[in-house]
Amino acid sequence: MNPLNPVLERVTRRITERSAPTRRAYLDHMAAQRTRGTQRAGLGCANMAHTTAALPREDKLRIHAERAPHIGIVTAYNDMLSAHQPFEAYPSLIRWHAQQIGASAQVAGGVPAMCDGITQGEAGMELSLFSRDTIALATAVALSHNVFDAALMLGVCDKIVPGLFMGALQFGHLSTVFVPAGPMTSGLSNDDKAKVRQQFAQGLVGREALLESEAQAYHSPGTCTFYGTANSNQMLMEIMGLHLPGSSFVNPGTPLREALTKAAVERAVANSGRTGQPYLPLAHIIDERAIVNGIVGLHATGGSTNHTLHLVAMARAAGILIDWDDFAELSAVVPLLARVYPNGSADVNHFHAAGGLGFLMRELRTAGLLHSDVNTVMGPGLDAYAFEPWLDGERLAWRPIAERSADTHVLRPVSEPFSADGGLRLLTGNLGRSVIKVSAVKPQHRVVRAPAVVVHDQQELLAKFQAGELDKDLIAVVRYQGPRANGMPELHKLTPPLAVLQDKGFQVALVTDGRMSGASGKVPAAIHVTPEALADGPIARVRDGDMITLDAERGVLQLEVDEATLAARSAPTPDLDAHRHGSGRELFGLFRAQVSGAEQGASPLFG
């Protein structure tokens, strides 16, 4: 192993110093919770009877006698999300296996899990980011019964894992393991799917052809196979030590998947402090070093830009303060080692077969780009993550990760990366701050200077495209898409038309205070622009035809309008609630009030 990279060391030290007061407060709170312990021993008889009423007699006796660890399951199961459908069978398997090893388990609660793929471009997408905090609250409610020694988190997709993570950290004195469901098997290639989407955007194929293409791509239980936010979540949980090694991308419904789920039960029990083995709770796994390892993993894999939002909130839930400068500084020294769609043509099954996260983590450790002195659900250090799971007959076993990548078009060693940096850049200028992911953007498209086309809704831009008004060099400015305005929905439906314009030879880019999906790639997109338009950000004063320079190489986002002219312009006030009705308007009003309060200095829910 090489010494720790000096930039990694410096950024980690800076985060640790910045976070000292909030981190200490968090750890003191967790220590107090640990001292109080679970309430089972002190529960009144009626309380205990409610806890165990529906359990088998053997479990009742164990829990009443305080003889064995008790696991709380928090599940995001529903059968609308293909990624979460496999979780239907998990509780019964977990309960059964817990009994086999002398423990017990209950479903403590369920959390909502919406599918961004279903709500893309629809009004429901405005509640997507809001759902993260709802999930965190629901997780905390589930664990608030305080009768558990350990917890298992069942979740995969976009906001679900961040929400589970944030909620679980409020009970960070518990031994906690995140349990994945795995990706669906490969279907129609991501490249072929993207081509049909672009053909549909141009009117070259109809809805029937598009639906057939999408159904071939998304075809069975399991996570979507492109490397968007859902699969970035899985990478994060593994590289931060909350998944079992090699478990993130094992397909559902396989014997190995079942064996890994049983092993997750065993690790939760082992770390609970109730079995004679060392006590290892969630709060002792997630620290500044683990969070930095997560950021490194995002860069090295070309992960979802959504985590420039989520990981900040997730870290804050553990009292750790990170910002975009930390992301940008680490990106400059972390090489891109994986090409998975949209950063390449492969999917996560190909990535896993090429060597997967075990290979990638070993390469990063060799280069001094991961903190190895961390805790994980497997115990101290990352050595266990240099092994991959396999079935020796019916027994789960572990073998060393292969020395070489099985496919260097998908996964490479640190000595020959796809690029020298992680491809995530921070953009600054008179429009504010934003982030851009360039790992899938060809070098010739990384600098765009063009006139603005300004809209307040992605449907407006799609209508202009359909009318043939966008056949020119342009920078699309899609504003009033921030968290205060409409919940910061993903604008993924803009990807096909903008890609069509780029393929025609036009210089095209996107600037928005909204989000793009983790699946977006080849068109340069300055996203998460802050301050957002509704907070009187400069983006609200851009006019059609204004020249904008987006320079991803130098980290510049500049509106070519002088300061006095910009200040004299008034910002439009669109009717942001025009399309909302009844309870939808009221529910979103709660979210807007929460976001506004946080901006004014109110304490966040989880931090």
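Is F351 buried or exposed? F351 is buried, with a relative accessible area of 4%; buried means under 20% relative accessible area, exposed over 50%, and partly exposed in between (1.4 Å probe, protein chains only). The model is predicted: local features need pLDDT of at least 70, side-chain atom pairs count only at pLDDT 80 or more, and totals for chains, interfaces and linings use all residues. Residues are numbered from 1 along each chain as its sequence is written, and side-chain values use heavy atoms, with hydrogens and water left out.

**View 1. Aromatic pairs.** The model has three aromatic pairs, defined by ring centres of Phe, Tyr and Trp (its six-membered ring) within 6.5 Å, with planes under 30 degrees apart counted as stacked, over 60 as edge-to-face and the rest as tilted. F87 and Y90 have ring centres 5.0 Å apart and planes at 90°, so this pair is edge-to-face. Both F87 and Y90 are buried. F249 and F351 are also edge-to-face, at 6.2 Å centre to centre and 80° between the planes. F249 lies in the loop between helix 10 (229-239) and helix 11, and F351 in helix 15 (residues 348-354), 102 residues apart. Helices (H or I, at least four residues) and strands (E, at least two) are DSSP runs, numbered from the N terminus. F249 is buried, with a relative accessible area of 3%.

View 2. Four strands in the order 2-1-3-4 form an open sheet with parallel pairing; two strands pair if DSSP finds at least two bridges between them. Strand 2 (104-110) and strand 4 (175-179) are the edges, each with a single partner strand, so one side of each has no neighbour in the sheet. Strand 1 (residues 70-75) and strand 3 (residues 150-154) are joined in the parallel sense over five bridges. G72 has A151 in strand 3 as its bridge partner.

**View 3. The largest nonpolar core.** This core has 139 residues, of which M240, I286, L311 and L364 touch the most other members; a nonpolar core is a set of buried Ala, Val, Leu, Ile, Met, Phe, Trp, Tyr and Cys residues joined through side-chain atoms within 4.5 Å. Helix 11 (residues 255-270) gives the most to this core, with eight residues. Another core, of 29 residues, lies apart from it and includes I475 and V529.

**View 4. Helix 12.** In helix 12 (residues 288-301), 13 of the 14 residues are buried, so the helix is largely enclosed by the rest of the structure. Just after helix 12, G302 takes a positive phi of about 70°.
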